[in-house]
Amino acid sequence: MRGILASSIGVICAAALALPLAPPSTAADARPAPTAGAATRAAGTARPDVPGSTQSLSLGPLTRDRASGATVLGLAPRAVRPFSLLGVVWDDPAAELHGRVRVRTRAAGTGVWSGWRDVETHYADHVADPGSAEGAADGVRGATAPLWVGESDGVEIRVQPEPGEGEGEGGGEGEGAGADGFGGGEFGVGESGAGGLGVGESGVGDHSVVPSGLRLELVDPGDEALEGPRIGVMSAEATAASEANSALAPLGALEIPALDGERTRQEYLTLHGAELTEQQRAEPYIGPRPAIVTRRGWGADESLRKKRFVYTGKVKAAFVHHTASGDNYECAQAPSLVRGFYRYHVRSLGWRDIGYNFLVDKCGRIYEGRAGGVAKPVKGAHTMGFNTDTTGIAVIGSYGSKKPSSSAVKAVARLTAWKLGLHGMNPRAKTYLKSAGGNLYRKGKKVRLNVISGHRDGFNTSCPGGKLYKKLGTARATAARYQGR
């Protein structure tokens, strides 16, 4: 069926590309960059943040798949404001998108269109726990994984639903050009198609197949990260995020520096000495603290997130993820990717902050994720059912068929040796975690898991990709060695 679809889309796209691209999105179907803090900037205390922007475009019916009769949703080729990361969102966070999402983009400055790329549709497992305040908050949406495409100024997207009960019946346009059809440009996007028509809404098919309110989110992560601290112009939110790491680095620091083993042990005793046993004080098992790029270092716009920090009891385990955002990035671009994930999680998905506690790029650099302090038990939104008493580490990229770099695996080992060591956990051991509910373990069940686990150990998912998952044994052994075990 996918072969027939590709053939059908190829013919239609050839016809569409003979037409001029649609103009950039209008105010009706694009959200402007946030203006929070404008008064502060006018007062002469401007933040050196890199806010970026998000364009949000409704997806409407385009044509029908010949084999199944299912309505293909999306957007015809169009020019848009520059962006570098994209994803698809919908209204109901509990709904799933059963189908295939493919996009192609036009590189800014060259006018060259990419080939078609798949977007990972399963992302509901990288979220807050069921029933939690964050998971049940107003404005939370369902979404695909984000896809990094590099700086682009044109986009085309197709959402091909899996056949469902009732597919191929009811109204809607036919395969060829109709009165509102694809052959004449977009299908009413921002006009008759505004509001993100789903298959069920257009009278063809089952509401459960394609969620309602489908929108394409185009994220501009903003300018390059900061080159210096500039403490005098820090906002209240940026100051709070930096102060959460005050025991480790000066206010406004762009990076928490690495420490050797002895200095890390001294710091550990300073932070936790009063709560340690005599044996733990005499022989603490903790790996040397790795260098960590702070939120200020990667350029977080702190006005986007919720102000309050949320903590869990302790860190008993680390869940390793991949971002499923593709591998087409240079390490120098990693701060831009982190800013893109942050904006996508908060602005597009409605989360309180970026979901992961830490991120690691393919060159082995470690980035602070969710705000609240890297040495503290910050509660993330990364493994549905197991966000309590855990930390989430995402390796930037997709590792289903591609091996992670040795630098990234080593960085995961260094980070877990230190972070788990702060809480007395052995990277090669197992621990018990209480499930908050998911598709593998019912709510309330105590589950025995590796102290360093893959996302798929707590939820039925392909994350962190088969190739990265196979490296977790190496990470466990290396982390234990760093701890001196």
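Here is a short chat about the salt bridges and pockets in this predicted model.

Me: Hi! How many salt bridges does the count come to?
Reply: Hello! The count comes to 12 salt bridges.

Me: Let's take Arg100. Which side chain does Arg100 meet in a salt bridge?
Reply: That would be Asp118, with 2.7 Å from N to O. The two sit in distant parts of the chain, 18 residues apart: Arg100 belongs to strand S4 (residues 99-107) and Asp118 to strand S5 (residues 117-119).

Me: And is Arg100 buried or exposed?
Reply: Arg100 is buried, because its relative accessible area is 18% and the cut-off for buried is under 20%. Asp118 has a relative accessible area of 41%, so Asp118 is partly exposed.

Me: What about Glu156, which side chain does that one meet?
Reply: Glu156 meets Arg158 in a salt bridge, at 2.8 Å from N to O. Both Glu156 and Arg158 are buried.

Me: Nice. Which residue does Glu255 form a salt bridge with?
Reply: With Arg365, and the closest N and O atoms are 3.5 Å apart.

Me: How accessible are Glu255 and Arg365?
Reply: Glu255 is partly exposed at 37% relative accessible area, and Arg365 counts as partly exposed too, at 40%.

Me: Which residues do salt bridges with shared partners join into one network?
Reply: Arg295, Glu302, Arg305 and Asp353 are joined that way.

Me: Switching to pockets. How much space lies in the largest pocket?
Reply: About 940 Å³. Its lining has 50 residues, and those nearest the centre are Thr121, His122, Tyr123, Ala124 and Asp125.

Me: Which strands each supply at least two residues of that lining?
Reply: S4, S5 and strand S6 (142-143) do. S4 and S5 are also the strands that hold Arg100 and Asp118.

Me: What is the lining of the largest pocket like by class?
Reply: There are 24 nonpolar, 15 polar and 11 charged residues.

Me: And how much space lies in the second largest pocket?
Reply: About 330 Å³. The second largest pocket is lined by 20 residues, with Ala133, Glu134, Ala137, Lys306 and Arg352 closest to its centre.

Me: How many charged residues are in the lining of the second largest pocket?
Reply: The lining has 9 charged residues, alongside 7 nonpolar and 4 polar ones.

Note on methods. Residues numbered from 1 in each chain as written. Predicted model: local features only at pLDDT ≥ 70, side-chain atom pairs only at ≥ 80, totals over all residues. Heavy atoms only, no water. Salt bridge = Lys/Arg side-chain N within 4 Å of Asp/Glu carboxyl O. Helix = DSSP H or I, 4+ residues; strand = E, 2+ residues; numbered from the N terminus. Buried < 20%, exposed > 50% of the residue type's maximum accessible area, 1.4 Å probe, protein only. 1 Å grid on protein atoms, 1.4 Å probe; cavity = no way out; pocket = protein on both sides within 12 Å on 5 of 7 lines; lining within 4 Å. Points joined across faces, edges and corners; volume = space filled by probe spheres on them. Nonpolar A, V, L, I, M, F, W, Y, C, P; charged D, E, K, R; others polar.
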